[in-house]
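Subject: Structure for you to look at

Hello,

Here is the structure I promised to pass on, with my notes below it.

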Amino acid sequence: MTNGPSDHPGQRVFQEHRRLLFSVAYRLLGSAADAEDAVQDAWIKWSAADRSQVADPRAYLTRIVSNLALERLRSARHKRETYVGPWLPEPVLTVPDAAEAVTDAESVSMAMLVVLETLSPLERAVFVLKEVFGFGHAEIAEAVERSEAAVRQAAHRAREHVQARRPRFTADRSRQREATERFLAAATGGDVNALMELLSPDVTLWTDGGGKVRQALRPVVGAATVAAWFAAIGTVSYQGVEPADMRAELVGINGGTGLVFSGAGRVIATVTFDFDAEGRIAAVHNVANPDKLRAVADGTAYDLGRP
């Protein structure tokens, strides 16, 4: 992305905070493309601003990008309500161990972004700025142009909502990676029994084809059904690609270990997992909508940890 002329006086300061701005915008929007657009728009506003009046560039830039993201979020609501089948966030590749703290990885997981999607735009912005980036209520009130009392109320509602829908388990990275490796081996080998062992009995599979490719239009529930769905990977062609021509690799996706399936010169799908307290797979998020695979296909790995 070009951020304007490199000798622009505000360029260095903007670049210092660019990772933060993308990290905020992505968590608010669930889309790498939209987050990049919001950051680009923030640059335009920043480059035109009277920066001599800005005492705290980090807070000022966060305010700009939060408002831009909120505008986009509100205008996207209708599109998401009329979406064909389950709506999932746009997955992104993440650099290994970028999220040193568990909360960093958790806050960009597909499962968390799905929960954030159920919040109002204001609640989502307040939750992300407070719980993930540690901004105070007064700073957030200024950023989202609401009273501090309204922000406190939104923060409380959002926290309760997220806690009710998103039980917290200590993430054991190595166990999750091992489970993902075993899942891949069992799926490509068509081993239903091995898949069943890895899945929670009431596992849910969410598939997002966006009406562009054939996918399940409703969540698939239960270990036997989900195991059968994935065991077919090695036996049937998918989107015109034969099993022999399909390649799957383990990669860092949204702060955890995921799978990227590719063939015929393109990325075909990503699969990410959510685990229960016993380390079994409790949810599977499968994104196959080609419009949502561009960030992964580009190969850009994002550092989404808190700057």
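Before the helix pairs, a word on how they are described: axes are lines fitted to C-alpha atoms, for helices over the stretch in contact, and angles run from 0 to 180 degrees between N-to-C directions. Helices (H or I, at least four residues) and strands (E, at least two) are DSSP runs, numbered from the N terminus. Please keep in mind that this is a predicted model, in which local features need pLDDT of at least 70 and side-chain atom pairs count only at pLDDT 80 or more, while totals for chains, interfaces and linings use all residues. Residues are numbered from 1 along each chain as its sequence is written, and side-chain values use heavy atoms, with hydrogens and water left out.

**Two helix pairs that involve α6**

Helix α3 (residues 57-81) and helix α6 (residues 121-132) have axes that come within 10 Å and cross at roughly 140°. That makes α3 oblique to α6; angles under 35 degrees count as roughly parallel, over 145 as roughly antiparallel, 65 to 115 as roughly perpendicular and the rest as oblique. The crossing of α3 and α6 is right-handed. For handedness, a crossing is left-handed if the near helix is turned anticlockwise from the far one by less than a right angle, and right-handed if clockwise.

On the α3 side, the contact (heavy atoms within 4.5 Å) is made by Thr 62, Ser 66, Leu 70, Leu 73, Arg 74, Arg 77 and Arg 80. The α6 side brings Pro 121, Leu 122, Arg 124, Ala 125 and Leu 129. By type, the residues of this contact are six nonpolar, two polar and four charged. Here Ala, Val, Leu, Ile, Met, Phe, Trp, Tyr, Cys and Pro count as nonpolar, Asp, Glu, Lys and Arg as charged, and the others, Gly among them, as polar.

Thr 62 of α3 is buried, at 2% relative accessibility. The cut-offs are under 20% relative accessible area for buried, over 50% for exposed, and partly exposed in between (1.4 Å probe, protein chains only). Not counting residues up to four places away in sequence, Thr 62 touches Leu 20, Leu 21, Leu 129 and Phe 135.

Helix α6 also packs against α7, at an angle of about 140° and with the axes 10 Å apart. That makes α6 oblique to α7, and α6 passes α7 in a right-handed crossing. Leu 122, Ala 125, Val 126, Leu 129 and Lys 130 in α6 meet His 137, Ile 140, Ala 143 and Val 144 in α7. This contact divides into seven nonpolar residues, one polar and one charged.

**The nonpolar cores**

A nonpolar core is a set of buried Ala, Val, Leu, Ile, Met, Phe, Trp, Tyr and Cys residues joined through side-chain atoms within 4.5 Å. The largest one has 53 residues, and those with the most contacts inside it are Phe 14, Phe 22, Tyr 26, Val 65 and Leu 116. The elements that give two or more residues to this core are α1 (11-29), α2 (32-48), α3, α5 (110-116), α6, α7 (137-144) and α8 (148-165). Its largest share, 10 residues, comes from α1. A second, separate core has 30 residues, including Ala 179, Val 213, Leu 259 and Ala 269.

Val 284 is found in strand β7 (residues 281-287) and is buried, at 0% relative accessibility. Leaving aside neighbours within four places in sequence, Val 284 is in contact with residues including Val 203, Trp 206, Phe 230 and Thr 272. Thr 272 lies in strand β6 (residues 266-275) and is buried too, with a relative accessible area of 6%.

Most residues other than glycine have a negative phi. Which residues have a positive value here? Gln 239 has phi near 50°, and Ala 264 has phi near 55°. Gln 239 is found in the loop between α11 (223-231) and β4 (247-253) and is partly exposed, with a relative accessible area of 26%. Ala 264 is in the loop between β5 (256-263) and β6 and counts as exposed, at 60% relative accessibility.

Best wishes
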